[in-house]
Amino acid sequence: MKLFFLGWTRFVVVLLVLQVGLAGWGAVSTGDERIMRFIAHAGNGGMLILWLMLSIVIALIARPGWKAVALTALSAFMVLMQGAFAYGFGTSGPAGGLGIALHALNGLGVLALQVIVARLAKRAVDAKRALRAARRSEVPA
């Protein structure tokens, strides 16, 4: 299950990188294209909420360590806060700019946390493999 969690977490990292790309793609466009591109950004964000909520359950089952589980839960909470940052400060003026800046920084923070979680998951998989190898070498031939 640890190996599954590792793959799952790596896929979440790919979705987060895609999310940053979609945001940038929308930011450099104008008119109707901009709206459609940000709709793709918002749709992927909705998928990220689902994937990170499921990540908590999978992390609890896989047991990669308490730190990985806690950071996964923190990532899910941070993604849920994204909507509040994007729309809670308004959409124009200095407050809207502050909200969008917090939205962007929070999103990059989620990406950084998930990279850390992927590394922790990789360590858990490596530790399990090392334990198996040690057990195999102890068995008399």
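Tutor: Let's go through the ring pairs one by one. The model is predicted, so local features need pLDDT of at least 70, side-chain atom pairs count only at pLDDT 80 or more, and totals for chains, interfaces and linings use all residues. Residues are numbered from 1 along each chain as its sequence is written, and side-chain values use heavy atoms, with hydrogens and water left out.

The structure holds three aromatic pairs; rings of Phe, Tyr and Trp (its six-membered ring) pair if their centres lie within 6.5 Å, and planes under 30 degrees apart count as stacked, over 60 as edge-to-face and the rest as tilted. One of them joins Phe4 and Trp8, a tilted pair at 5.8 Å centre to centre with 40° between the planes. These two residues are four apart in helix 1 (residues 2-27), which puts about one helical turn between them. Helices here are DSSP runs (H or I, at least four residues), numbered from the N terminus.

Now see how covered each residue is: buried means under 20% relative accessible area, exposed over 50%, and partly exposed in between (1.4 Å probe, protein chains only). Phe4 is partly exposed at 44% relative accessibility, whereas Trp8 is buried at 14%.

Trp8 also pairs with Trp51: the ring centres are 4.2 Å apart and the planes are at 40°, so this pair is tilted. It links distant parts of the chain, with Trp8 in helix 1 and Trp51 in helix 2, 43 residues apart. Both Trp8 and Trp51 are buried. Finally, ring pairs link Phe4, Trp8, Phe11 and Trp51 into a cluster.
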